[in-house]
Amino acid sequence: MPALLETEKLQSFIKRADGKNHSYREHFGKEQAEYRKWKISFFDNLLYITPRSQCVRSSSLPLFTRLYPYFYHDDGSKHIPIPLLTYCTLPHFLAVLYMDDGSLCISPNINKRKKVIYLTPHIYLYLQNYPPEELKKLQQHILSYFGVTFRLSNHPNGQGCILRTTSVRDTFHFLDIISSAISTCPSMYYKTNWNERLKIEKEKWKKIFPDFKLLTSSHERSKPYSKKEIQQLKEMKQKGATIQEIADTLQRSYWSIVYKWREIQKE
């Protein structure tokens with residue numbers, strides 16, 4: 001719940017004029033309206049959207065009054081709710097933290113001699129308004145509970161640091177972890193679905209270098225399926241296995257199995 005309620009940008013607990021209880025408010029742009037609808041669906045009418053002001057809101061409740069000290073210092077400045085991190089063990093925690101404050105950044109390396117463009121993806125969490133010592137505790141929590149390594153990286157704004165993955169393995173492990181949480185949120189696939197993002201990148205680079213081949217560090221993950229793999233996928237589906245169970249068995253990504261199954265069903 002903490003990650004779903006409070007992240008770096010545009011969210012705040014608002015104190016009523018009479019000082020009795022706090023409420024929650026989160027402003028968003030029109031392009032993220034569908035994501036916010038998805039987000040509040042987890043709260044059983046605790047949160048609602050006011051379309052004209054483009055805000056997620058709540059009523060003034062004791063719940064938000066109790067939560068306020070976990071997220072704010074006495075002077076009103078924000079801090080990471082370290083004592084609550086032990087409750088943040090679902091993939092939804094990483095998914096919302098990332099969709100609110102993260103970005104999938106892709107670094108291109110263009111080899112004109114070989115006519116190849118190599119793409120290296122990284123996950124960035126833009127949490128620069130929190131002090132480095134708190135980011136280190138969040139970094140350790142993510143590593144301990146989810147097995148993903150983030151590094152502190154310098155940033156010119158805020159308190160000078162953000163979190164980012166430095167290895168491709170951690171980047172795709174992160175995307176695989178959140179895949180089960182975000183499958184019902186297509187409006188954010190450009191951030192969360194590697195196949196969708198790769199399609200966008202291919203279209204972009206095709207216009208610039210139409211004869212170049214595009215490769216990623218994850219190209220093994222999208223290699224053609226063997227007849228044996230296809231048969232195993234079909235058999236596991238017939239036995240009621242989940243997409244994630246099939247992905248783990250075939251050592252493929254969640255979304256690779258989703259798209260391959262769709263292809264099989266169209267045959």
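This is a predicted model: local features need pLDDT of at least 70, side-chain atom pairs count only at pLDDT 80 or more; totals for chains, interfaces and linings use all residues.
Residues are numbered from 1 along each chain as its sequence is written, and side-chain values use heavy atoms, with hydrogens and water left out.

The chain holds 11 helices and nine strands, where helices (H or I, at least four residues) and strands (E, at least two) are DSSP runs numbered from the N terminus. Of its 267 residues, 48% are buried; here buried means under 20% relative accessible area, exposed over 50%, and partly exposed in between (1.4 Å probe, protein chains only). Among the contacts (heavy atoms within 4.5 Å) with a separation of 6 or more, 61% are accounted for by residues 24 or more positions apart.

Strand β8 (residues 161–164) contains Ile-162, which counts as buried at 2% relative accessibility. Leu-125 is 37 residues from Ile-162 in sequence, yet the two C-alpha atoms are 6.1 Å apart in space.

Helix α4 (residues 91–101) packs against helix α6 (residues 168–182) at an angle of about 100 degrees, with the axes 8 Å apart; axes are lines fitted to C-alpha atoms, for helices over the stretch in contact, and angles run from 0 to 180 degrees between N-to-C directions. The two helices α4 and α6 are therefore roughly perpendicular, a term that covers angles of 65 to 115 degrees. Residues making this contact include Leu-94, Tyr-98 and Met-99 of α4 together with Phe-174, Ile-177 and Ile-178 of α6. Tyr-98 also has Lys-191 over the face of its ring, at 5.8 Å from the ring centre; a charge sits over a ring if NZ of Lys or CZ of Arg is within 6 Å of the ring centre and within 35 degrees of the ring normal.

A search of the whole structure finds 11 aromatic pairs. One of them joins Trp-38 and Phe-42 in an edge-to-face arrangement, 4.9 Å centre to centre with 80 degrees between the planes. Rings of Phe, Tyr and Trp (its six-membered ring) pair if their centres lie within 6.5 Å, and planes under 30 degrees apart count as stacked, over 60 as edge-to-face and the rest as tilted. Trp-38 is buried, at 9% relative accessible area, whereas Phe-42 is partly exposed at 38%. Tyr-68 and Tyr-72, in turn, form a stacked pair, 4.8 Å centre to centre with 10 degrees between the planes; Tyr-68 is partly exposed at 22% and Tyr-72 buried at 8%. Ring pairs also link Tyr-35, Trp-38 and Phe-42 into a cluster.

Most residues other than glycine have a negative phi. Asn-45, although not a glycine, has a positive phi of about 70 degrees; Asn-45 lies in the loop between α2 (33–40) and β3 (47–50) and is exposed, at 71% relative accessibility. Lys-115, likewise not a glycine, has a positive phi of about 55 degrees, and is placed in the loop between β5 (102–111) and β6 (116–125), where Lys-115 is partly exposed at 42%.

Terms used
Angles under 35 degrees count as roughly parallel, over 145 as roughly antiparallel, 65 to 115 as roughly perpendicular and the rest as oblique.
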